[in-house]
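Here is a briefing on nonpolar cores and helix packing. Look over the sequence and the structure before reading on.

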Amino acid sequence: MAASTVKRAVSSVFRRELFKNKVAIVTGGGTGIGKGITQELLYLGCNVMIASRKVDNLENATNKLREWLKESNQNVDLQFMKCNIREEEDVKSLVSGTLKHFGKLDFLVNNGGGQFLSRAEDIKLKGWNAVIETNLTGTFLMCREVYNQWMNEHGGTIVNIIADMWKGFPLMSHTGAARSAVDNLTKTLSLEWVHSGVRVNSVAPGSSIYSETAAANYGNFNIFEKTKSTIPMHRLGTVEEVSSAVCFLLSPGAKFITGETIRVDGAQSIYSCPTYQVPEHKNTPAYTWADDLQHISNNAGSSGSKSS
């Protein structure tokens, strides 16, 4: 059965009400991995504010999740706000609006982001800036604002969603650069804010994590099928496997973990580079000592001719 047709009941490996009375913001929480994270947080008793630039996605996800909450007698609150995380004022309004509605803020999950497939030489400056500002600057603004408006005085936990960019990111140099920067930002903030009782970690899903949103972005399911051979586990990852890693980092079980990144990729990141294959060429000649000897010989001949 194709992954796009599989329907899973919302559940969790963690105990019910683990996050009872907690409050979380999940950016990009209406689709894909972000929606999966939102579902599990709700299942565990957390009140959630989801945010995105696209109101249609937010409304659709909220209506479906509220229907499920009603059917399953889940006594939690799910809200949404439109927010472009690249815009400072939008970010400030999202955080203040969340605090106004819920009265507190325990968790931030920076899942919002975006990118497109392109060779580096074809990326226009506008496209480069858009990806960097969304994935890096947007993450920074969200972290800074939750810290300044709440976590500085009350503590809290932040999880940033990055990517498998450890060996470069061919065809996505913009997001590779941005996500690498967020990995470093995670480490930096974990040290700067630890005195305030704030933990900051990251989760790096592999390119093998299937979601309907990702499949739609890539055009079809074939790219995921082709990726299987690059994964030691020889299967695709699930949204639930990402959300459970996020929930672990938010949980009391991770109280002594900060500044770290969990890779959810079936060891793909240490096995191969799944997104790009270098074409056949002969443009990288090898170096040998014979090259130096030939160079010395040529120079000696040139010197001799000048002196004669």
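This is a predicted model: local features need pLDDT of at least 70, side-chain atom pairs count only at pLDDT 80 or more; totals for chains, interfaces and linings use all residues.

Residues are numbered from 1 along each chain as its sequence is written, and side-chain values use heavy atoms, with hydrogens and water left out.

**Nonpolar cores**
- The largest nonpolar core has 35 residues; Phe19, Leu41 and Val203 touch the most other members.
- At least two residues of this core come from each of β1 (23-27), α1 (32-43), β2 (47-52), α2 (55-71), β4 (107-110), β5 (156-161) and α8 (239-250).
- α8 gives the largest share, seven residues.
- A second, separate core holds 26 residues, including Met49, Cys83, Phe102 and Leu141.
- A nonpolar core is a set of buried Ala, Val, Leu, Ile, Met, Phe, Trp, Tyr and Cys residues joined through side-chain atoms within 4.5 Å; buried means under 20% relative accessible area (1.4 Å probe, protein chains only).
- Helices (H or I, at least four residues) and strands (E, at least two) are DSSP runs, numbered from the N terminus.

**Phe19**
- Beyond its neighbours within four places in sequence, Phe19 contacts (heavy atoms within 4.5 Å) Leu41, Leu44, Gly45, Cys46, Phe107, Cys247, Leu250 and Ser251.

**α1 against α8**
- The axes of α1 and α8 (lines fitted to C-alpha atoms over the stretch in contact; angles run from 0 to 180 degrees between N-to-C directions) lie 9 Å apart, at an angle of about 55°.

Notes. Buried means under 20% relative accessible area, exposed over 50%, partly exposed in between (1.4 Å probe, protein chains only).
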